[in-house]
Amino acid sequence: QEFPTPSPRIGEKLAELELEFLQQDLEQLFNSMQTGSDRISQIILGLRNFSRLDESEQKAVDITEGLENTLLIVQRRLQAQGERPAIQVQKQYASLPPVNCYASQLNQVFLNILNNAIDVLSESPIPENPQIEITTELLDSQTVRIRFADNGVGMSETVRQKVFDPFFTTKPVGQGTGLGLSISYQIITEQHGGQLQCYSQLGQGTEFILDIPII
């Protein structure tokens, strides 16, 4: 008897159901907008802290904060792309004292090394579980150590010895300038009086170790 035209009572019930679903959709929409807004604010803050354009002099800096801000920059690249699964980042942060450094330069070193690791983990053969491990530790009262290790294909000894040479790259023509790691080496050794070392073997992944004086 209600077909094809429903009675007013059924029409009212349908309207109530539609209103209920609409309220749920609106609530989900507002929650998504709030999450997106919070995410944008977080990225903007991370970019500002990462660049520190207003800081041209050395100052005491939180190394962990610099690493986290840099990870925000590369977060999209860490996501699954094509045949490569998402890259997992394992973090083992020690409690570190502030380090007197050029913050923007140091963050650039972190970015160069992370981008290099992501490039390697995106090349064939792609690891089943691509991973980057970041470790910080206090070597002594004067030195902080930061390790970046990936489980990529690794490199030969010949390549490893040239990895900090200007314009040296194993990437195809047009991809990469061969300057990222060279500049990073100069920033650590010349600007901060520290050390930057690379350890790698074919099939064993690669590890970059940064030793930075606290003062």
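Me: Buried means under 20% relative accessible area, exposed means over 50%, and partly exposed is what lies in between. Which of these describes glutamate 137?

Reply: In this predicted model, glutamate 137 has a relative accessible area of 26%, so it counts as partly exposed.

Me: ok, and which side chain does glutamate 137 meet in a salt bridge?

Reply: The side chain of glutamate 137 meets that of arginine 147, with 3.3 Å from N to O. Arginine 147 lies in strand E5 and glutamate 137 in strand E4, so this pair, 10 residues apart, links distant parts of the chain. Arginine 147 is also partly exposed, because its relative accessibility is 23%. The pair belongs to a network of salt bridges that links Glu137, Arg147 and Glu207.

Me: How many salt bridges does the count come to?

Reply: The count comes to six salt bridges. One of them joins lysine 91 and glutamate 68, at 3.1 Å from N to O. Since lysine 91 sits in strand E2 and glutamate 68 in helix H2, that pair ties together parts that are 23 residues apart in sequence. Lysine 91 is partly exposed at 41% relative accessibility, and glutamate 68 is partly exposed at 29%.

Me: And what does arginine 77 form a salt bridge with?

Reply: Its partner is aspartate 119, and the closest N and O atoms are 2.5 Å apart. Because arginine 77 belongs to helix H2 and aspartate 119 to helix H3, the pair ties together parts that are 42 residues apart in sequence. Arginine 77 is partly exposed, with a relative accessible area of 30%, whereas aspartate 119 is buried, at 19%.

Me: Switching to H3 itself: how many of its residues are buried?

Reply: Of the 19 residues of H3, 15 are buried, so the helix is largely enclosed by the rest of the structure.

Me: Is phenylalanine 110 buried or exposed?

Reply: Phenylalanine 110, which is found in helix H3, is buried, with a relative accessible area of 1%. Leaving aside neighbours within four places in sequence, phenylalanine 110 is in contact with several residues, among them Ile63, Leu67, Ile146, Phe148 and Leu210. The C-alpha atoms of phenylalanine 110 and leucine 67 are separated by 6.9 Å, although the two are 43 residues apart along the chain.

Me: Which residues have the most contacts inside the largest nonpolar core?

Reply: They are Ile132, Ile146, Phe148 and Leu210, in a core of 37 residues. Several elements each supply at least two residues of this core, including helix H2, strand E4, strand E5 and H5. The largest share, 10 residues, comes from H3.

Me: What do the buried residues of H5 pack against?

Reply: They pack against helix H3, strand E6 and strand E7. The buried residues of H5 are Leu181, Ser182, Ser184, Ile187 and Ile188. Just after H5, glycine 193 takes a positive phi of about 65°.

Note on methods:
Residues numbered from 1 in each chain as written. Predicted model: local features only at pLDDT ≥ 70, side-chain atom pairs only at ≥ 80, totals over all residues. Heavy atoms only, no water. Buried < 20%, exposed > 50% of the residue type's maximum accessible area, 1.4 Å probe, protein only. Helix = DSSP H or I, 4+ residues; strand = E, 2+ residues; numbered from the N terminus. Contact = heavy atoms within 4.5 Å. Core = buried A, V, L, I, M, F, W, Y, C linked by side-chain atoms within 4.5 Å. Salt bridge = Lys/Arg side-chain N within 4 Å of Asp/Glu carboxyl O.
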